[in-house]
Each structure stands twice: as C-alpha cells, then as structure tokens.
Amino acid sequence: MTLAAWLAYLDRIHPRSMDLGLERVGQVRDLLGIFPVFPILMVAGTNGKGSACAYLTATLKAAGYRVGTYTSPHLVRYNERVVVDGIPVSDAQLCAAFARIEAARQAISLTPFEFGTLAAVDIFQRASVDVAVLEVGLGGRLDAVNLFEPVVSLVTGIALDHEMWLGSTREAIGAEKAGIFRAGVPALCADPDPPRSLLARAAALETPLWLWGRDFTVERQAQGRWTLHLPHQTWSDLPAPPLCGDFQYRNAALALAALQCLPVQVTPEQGRRGIAGTVLPGRFQTWRFSPQVILDVAHNPQAAQELAHNLKSTYCTGRTRLVLGMLRDKDRVGVVQALDTLVDDWYLADLHEERGACREEMEPALAGVRGTVQWHPSPEQAYGAACTAAAVEDRVVVCGSFVTVGKILALQEDYAETKWDSP
C-alpha cells in the first residue's frame, strides 16, 4: 500500500483514535522484538516539547552523533514525525515498518499513534542511530512513547490542555507528565513552578531531578547571547536561540542541561553550533513579507499568551489580521482572550478534521472581541481573504492548531522537499 493508504487504514482499524494505555502496544512491541539499545531522551510537557526536541537534535548532530527524532503531530507530511539525522524518512521506510507491525500484531488493536510510535522506534533501530529523541504525544504515564526506557527524562512546561484525558488541574496534569520518570534515572523540569505532584513522584522514585532556577539557570548578555549555569560547570557565550520568544532560552537551557546526563559527550562549542543551527517550522515563523506573514502553532491559552508577547515585541505599524482555526477539545475562549487586545481583524476557519471546530462551536469564543470577524470554510480561504485585504504595513498571523498552520505551509509548492535540516 502507499503511505496515504496505510494512514487511511490506521485511522479506521481501532474504535477510538485515542486510547491511552501501555498493555496492547507493549504486547506488539514484544512480538516485534523492538528493544532499542541506543540511549533515549524522552520529552514531555504541555508547550515547548517540539522546541526542546529540535535543540536536542541539532546539538547532538553538531556533536557528530546519528540521531533519530520522533515528534508529533506533523504540519504537512506524516514523514516529518520520523526523522533520521535531520531528514524525514521515506514513504517506503514507513510503509515497511507499518507492514511489519501489521504482520506481528495478530488480533491486537492499535491506535494510529501507537502504530506510529512503534514504527518510529523500529526504523531507528534498523538505522542504527546513536541516540534517539522521543516526544511524548499526550501526558506521559500512559502514552505509547513511555513504553520505552529513557536514560534521561525532560519535562518542559505544564499548563492546562487535554483536560478530558489528563485532568483539569496542573497537579493532575503534572502527575501524568511525571509518569515518564524512572527510579534512579536523571530527569529535568523547566517549569518555573513545578506542580507538587511532579516533585512528589520524583522523590518517591528517588529520581535525580534538576529544576529550572535551582540546578540550571540562564544569565542573559548583550545581543541575545547567554550563559548556562549548571551544577558543576558553566557554558558561556551561547548564541541567541533562533526560535522566537524569551521562553526559548529556557527550552534551549533544558536541552543543553539534559545532554550533560547522557552517556555521550557534548562540548560547549558543539552546544553553540547546535543552538545556532536549530530550525523548527511553525513557531513564530516569519513566512513571507509585504505583508508580513507569521505562522505559529499556539493552540492553548499559555501558548497564545506567549504568541501575544511575541507580537507585542514585534514592530508593526499596520493592522494585525489573525487567521484562526482550532480543535473542538481546546480552550477556545482562553486562546481568543489571550490575543484579543492585539487583533484588529479575525478570519475564522472551519477545520474539517475529526476533532476540528466548526463555526457554531467557535462563535461563542468570539463574542465581544474588539476586532471585526469573518468566517471562512477553510484555513486556505481565510488566509487568502486576510492577505487580499492586507496592506503592505499590515501583518497576517496564522495560528490555532498544527492543522491550520500546516494547511498554509502546504501552499508553498516546494515544502514537501524541505528537509528543515540543521547545519
């Protein structure tokens, strides 16, 4: 089958698209014999996971290691989820991995994400990577990625998201994220105010835990350069993170600190090259000029607040025209409220996806916003209307979900060939 046919098949063979738990996927792992010997860095958190994975990957590559990176969701092509040395794997590699899993699973039912996770680690094992970076899809404790054993666990920030599955408080969500901790295995948390549940989990397991502000800190210098302070060493003259936002210093620091816990060596100079060469589409990415077009996958209130901060810090003399499409299980009111004071014109788009929010579901969130509101049947049409109306001095911002940003990125004809490789 083609990759498109495989993905369509995976979408229909399990009764639920999301079914947290490790028993079924663990049985298939055992049948396949997927027991990686390479070290694994496991990354969980609400926001910042993708950035942390990008910094880890670029720095390990700069140090000369062959790196396998598994992230989700993708923006345009499924292949973006499974990357070896900065290059998305081929359709043929994914199809072969899916076929192996299908042959092994017998009557055991798997979700698409569970299929994808097993396929990624199987591909990394066959590619003989030196180290793998695995991003947790949802939560941590019951996520398929947590089936594998990390040599270091990373938690970025913790905020309210996926509340239907993870709980409605930071304490509940923190407990789920801390499910990736292991007894005696180093862990790091970059949240400035980590939930007590996360700290308690680390204490109960006797997990060596490095905390932001206590065990690793950043000292900012001129021109965006910075110094990383670690318990037993200091890395100085690091370049400004190429991903936009003050919080990116924290994500970069988390990545570099975590590398000190690995059984592989990374030098400060390699760290400088890695940070400088990090690339990650869709994170306050300036895509076009005249008018300026900014793409950002912010899809929950915390991420929207960071987007608002970046917009305030970016020079614009004209109007801000915002293209927004969201999933129905997200806090739509919280996202709109975070951006309302900055948006002059809203271009709302229906998302024709399984979890996509339609106009009737989005309308209550837009009640009382200060800007004008337009409704469009797709992100592409909303984006086209915003660009048509925009003057040279305006800016068009696309956000709300990976789906929304991905639809706009796909308009770039050569995106499918883009490697997003780090130097």
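1. In this predicted model, the contact of helix α7 with helix α8 involves Arg170, Glu171, Gly174 and Ala175 on the α7 side, and Arg196, Ser197 and Leu198 on the α8 side. By class, the residues of this contact are two nonpolar, two polar and three charged. Helix α7 covers residues 170-177 and α8 residues 196-205; their axes are 7 Å apart, at an angle of about 35 degrees. The crossing of α7 and α8 is right-handed.

2. Next, the sheet. Eight strands form an open sheet with mixed pairing, in the order β4-β3-β2-β5-β1-β6-β7-β8. Strands β4 (87-88) and β8 (209-211) are the edges, each pairing on one side only. In general, the strands of a sheet pair through backbone hydrogen bonds, in either a parallel or an antiparallel arrangement.

3. One pairing can be followed to the residue. Strands β2 (residues 67-70) and β5 (residues 131-135) run parallel and are joined by four bridges. Tyr70 has Leu134 in β5 as its bridge partner. Helix α5 (residues 112-126) packs on the sheet, where it touches β2, β3 (82-84) and β5. The direction of α5 makes about 175 degrees with that of β2.

4. A further helix, α3 (residues 49-62), lies across β1 (40-44), β2, β5 and β6 (152-155). Helix α3 runs at about 170 degrees to β5.

5. On the nonpolar cores: the largest has 51 residues, and Phe98, Leu118, Phe124, Leu134 and Phe181 have the most contacts inside it. Helix α5 supplies the largest share of this core, eight residues. Apart from this core lies another, of 37 residues, including Val43, Leu154, Ala252 and Leu259. In soluble globular proteins, nonpolar side chains tend to be buried together.

6. What does Leu118 touch, leaving out residues up to four places away in sequence? The contacts of Leu118 are Val25, Val28, Arg29, Ile34, Ile101, Leu110, Leu147 and Phe148.

7. Glu354 is in the loop between β15 (345-349) and α13 (359-366). Is Glu354 buried or exposed? The relative accessible area of Glu354 is 59%, so Glu354 counts as exposed, the cut-off being over 50%. Glu354 and Ile87 are 267 residues apart along the chain, and their C-alpha atoms are separated by 29 Å.

Technical notes:
Residues numbered from 1 in each chain as written. Predicted model: local features only at pLDDT ≥ 70, side-chain atom pairs only at ≥ 80, totals over all residues. Heavy atoms only, no water. Pairing = 2+ DSSP bridges. Helix = DSSP H or I, 4+ residues; strand = E, 2+ residues; numbered from the N terminus. Contact = heavy atoms within 4.5 Å. Axes fitted to C-alpha atoms, helices over the stretch in contact; angles between N-to-C directions. Core = buried A, V, L, I, M, F, W, Y, C linked by side-chain atoms within 4.5 Å. Buried < 20%, exposed > 50% of the residue type's maximum accessible area, 1.4 Å probe, protein only. Left-handed = near helix turned anticlockwise from the far one by under 90°. Nonpolar A, V, L, I, M, F, W, Y, C, P; charged D, E, K, R; others polar.
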